[in-house]
Amino acid sequence: MSDATTLDRPRAAHRDAPGRPTAVVTGIGVAAPNGLGARAWWDAVLRGESGIRPLTRFDATSYPVRLAGEVPGFVAEDHVRSRLLAQTDQVTRLNLAVAKEALDDAGVDPADLPVYAAGVVTASSAGGFEFGQRELQALWSRGGQHVSAYQSFAWFYAVNTGQISILHGLRGASGVLVTEQAGGLDAVAHARRQLRKGSSLVVTGGVDSALCPWGWVAHVAEGRMSASNDPDRAFLPFSADADGYVPGEGGALLVLEDARSARDRGARVYGSVAGYAATFDPPPETGGARLGAAAELALADAGLASEEVDVVFADAAGERAADRAEAQAISALFGERGVPVTAPKTMTGRLSAGGSSLDLAAALFSLRDQVIPPTTGTDRPADDCPLDLVTGAPRTGVRLRTALVLARGRGGFNAAAVVRA
């Protein structure tokens, strides 16, 4: 893993050494609970508009938790070819729509590239969960002859990478990362590695969806969801009233290119992925979360000092202990209230593998527009979370050149990425 640094031996800082490709973002596609499409989503974020509402995908009245972030107005037939509908899950259909938006936004036609120059690296947490549930129900209620042949791959974690690759002829180095909420950053980092190995373009990030009874039971069983039925008060990261998270669906896919290739074709550039690191928490009984170490190592990878960071996009778990640990990690690196911190995911819920790539898109739009989006719901951080949390309304009149994005996935995964204007 040439990009990831280890906890014990951070690599020497560098600023894209001569001959080492710089990874730049030239296209962004989004599906989120508060907006389908990048422009609609970003406008909603700046308005402070939440997409967290009572579930409509299935009848959740018998469950203790009934709020979620569902992507609005998504009609699969408008985005996916008819022949693919029978073989795809909701999550794959969302991925296909978002990948097309990202490629269109980048102004690139993969057919114009050398055959193996472009690939796909996505993150996934559950694969086609809803498809799998339907086929298992058919198996047990009607028999094996009623199970779709497409079940053999439609449920699989790598199916989104595969379907995007097939549809757009992206035959280069590809893959899938499974690290839950950290996955969106980990996928982008792996895509950056592929650029350094010779690829010229990679579609990367994460879009996730498992809003079906099978997926919902998994969330409920973990016991970390907010029990509130008030959409405005259910997900309150860093608040003294925080009592859990709200799950959602969606995310973002980015077109990542070698800067030279992007320049040669006259592409518009949102920013560069300047640094990245991943760390792993030790067993819970030994203590010592390592999100802060990931942030330090990502800055070292980017060749930047902490004072050069203008805004932090927080993981924002919405659980008191996890929020406190993240706030302590941020304060240790930047000082108490030493850097603006925001969590626009309060308007979408936590999107599993799609969450951190959506934060990465938000960071790039923030650098472009010179505005920090707000954290909604939370009026002020708790006393044990000494952060300069942007709440209420977007913060303007700031100079933004560098953003740090943090993410944590179930099982001890930590990831941090640095993007620069």
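## A ring cluster

Trp41, Trp42, Tyr270 and Phe365 are linked into a cluster by ring pairs. A pair here means rings of Phe, Tyr and Trp (for Trp, its six-membered ring) with centres within 6.5 Å; planes under 30 degrees apart are called stacked, over 60 edge-to-face, and the rest tilted. Keep in mind that this is a predicted model, with local features needing pLDDT of at least 70 and side-chain atom pairs counted only at pLDDT 80 or more, while totals for chains, interfaces and linings use all residues. Residues are numbered from 1 along each chain as its sequence is written, and side-chain values use heavy atoms, leaving out hydrogens and water.

By the ring rule, the count comes to 8 aromatic pairs. One of them joins Phe58 and Trp216, edge-to-face at 6.2 Å centre to centre with 70 degrees between the planes. Phe58 sits in the loop between β3 (52-54) and β4 (67-69), and Trp216 in helix α8 (residues 213-222), so this pair links distant parts of the chain, 158 residues apart. For the labels, helices are DSSP runs of H or I with at least four residues and strands are runs of E with at least two, numbered from the N terminus.

Tyr270 is in the loop between α9 (259-264) and β9 (271-280) and Phe365 in helix α12 (residues 355-369), so the contact ties together parts 95 residues apart in sequence. Tyr270 counts as buried because its relative accessibility is 9%, and Phe365 is buried too, at 3% relative accessible area.

Now for β13 (residues 402-409), which is mostly covered, with 8 of its 8 residues buried. In a regular strand, side chains alternate between the two faces of the sheet. Here Thr402, Leu404, Leu406 and Arg408 point one way, Ala403, Val405, Ala407 and Gly409 the other, and all are buried.

Strands count as paired if DSSP finds at least two bridges between them. β10 (residues 311-313) runs parallel to β13 over 3 bridges, with Val312 bridging to Leu404. β14 (residues 413-420) pairs with β13 in the antiparallel sense over 8 bridges, and there Leu404 stands opposite Val418. β13 and β14 make a hairpin with 3 residues between them, and Gly411 in the turn has a positive phi of about 100 degrees.

Definitions and conventions
Buried < 20%, exposed > 50% of the residue type's maximum accessible area, 1.4 Å probe, protein only.
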